[in-house]
Amino acid sequence: MPVDPSTHAELIRVAHAVADAARPITLRHFRSAALISENKLVGGFDPVTIADRDAEAAMRDILAQERPDDAILGEEHGHKAGPSGLTWVLDPIDGTRGYISGTPTWGVLVAVSDDSGPLFGIIDQPYIAERFVGGLGHSKVIGPMGSAALKCRAARSLSQSTVMTTFPEVGTKEEGRAFHAVAAKANLTRYGMDCYGYALLAAGQIDLVIEAGLNAYDIQAPIAVIEAAGGIVTDWTGGPAHAGGRAIAAANSEIHAEALHIINETMND
């Protein structure tokens, strides 16, 4: 069911309030010598901190006050059902590895979605006070240099492009091989940006972000921001990516098609 346009302003206001609630909590612990991380993944490394948990709790408190009938899906505190048909998808710190390393490339992700995917999203980087927003008729960045419209890059060949991903291995060996087949044809490849890579794509700084092993809360806010800036985000078959898994975010349909062809050719080889 389409969202009533009369609620757009309210959803945007609440989304900003949710992101605002996370900012001071994440900053309170960032680059603190007392910060301790725990590992959530047996046989691997998936860190979580008190900042992750407390920030999401604060975000949920806002939604309990402002939108009690909406569902919530969050990384740290799970799923809460709601009858409205809307779901708030929250990642209090996307990039906890970066957070515990002191790098300012992590971010707070907020999206509001219906069954078709995200309607509005925020990628917020509290340390540099930079917020990227997109959806429901809005597409802008607000930060130290003021406010500016977001616009993805115009078409260029893959050989002239910049591609980003978070982990050099990307996912499985097969997925990694597909990513590196694309990266081998690009002009520049960069790693370790987490959600900030998607923000840079929406801001017209890079051309592609390719990842695998994502959850819904990793990708829904970036989808909203990038699509509002004129980009495209799909899974590796060209289908919807809002449920997570494999995602390719591109500045335009031309480079998306070129990269997707290489991925599928490599995966099917």
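Visitor: What makes the link between the side chains of Thr-49 and Asp-52 a polar contact?

Guide: In this predicted model, the side chain of Thr-49 lies 2.7 Å from the side chain of Asp-52 in such a contact. The cut-off for a pair of N or O atoms is 3.5 Å, and 2.7 Å is within that limit, so the pair counts as a polar contact.

Visitor: Why is Thr-49 called buried?

Guide: The relative accessibility of Thr-49 is 1%. Buried means under 20%, so Thr-49 falls in that class. The residue is found in strand E2, residues 47-49. Leaving aside neighbours within four places in sequence, Thr-49 is in contact with several residues, among them Leu-35, Ile-93 and Tyr-99.

Visitor: What makes strands E13 and E15 a pair?

Guide: Six bridges join strand E13 (residues 208-215) to strand E15 (residues 244-250). Pairing requires at least two bridges, therefore these strands pair. They run antiparallel, and Asn-215 stands opposite Gly-244 in E15.

Visitor: Which strands are the edge strands of the sheet, and what makes them so?

Guide: The open sheet has five strands in the order E12-E11-E13-E15-E14, with mixed pairing. Strand E12 (188-191) and strand E14 (232-234) are the edge strands, as each pairs on one side only. Neighbouring strands of this sheet are turned by 20 degrees against each other on average, direction ignored.

Visitor: How do you know that helix H6 packs on the sheet?

Guide: Helix H6, residues 216-228, touches E13, E14 and E15. The direction of H6 makes about 150 degrees with that of E13.

Terms used: Residues are numbered from 1 along each chain as its sequence is written. This is a predicted model: local features need pLDDT of at least 70, side-chain atom pairs count only at pLDDT 80 or more; totals for chains, interfaces and linings use all residues. Side-chain values use heavy atoms; hydrogens and water are left out. Helices (H or I, at least four residues) and strands (E, at least two) are DSSP runs, numbered from the N terminus. Axes are lines fitted to C-alpha atoms, for helices over the stretch in contact, and angles run from 0 to 180 degrees between N-to-C directions. Contact means heavy atoms within 4.5 Å. Buried means under 20% relative accessible area, exposed over 50%, partly exposed in between (1.4 Å probe, protein chains only). A polar contact is a pair of N or O atoms within 3.5 Å; within protein, one must be able to donate a hydrogen and the other to accept it, and residues adjacent in sequence count only if both atoms are side-chain atoms.
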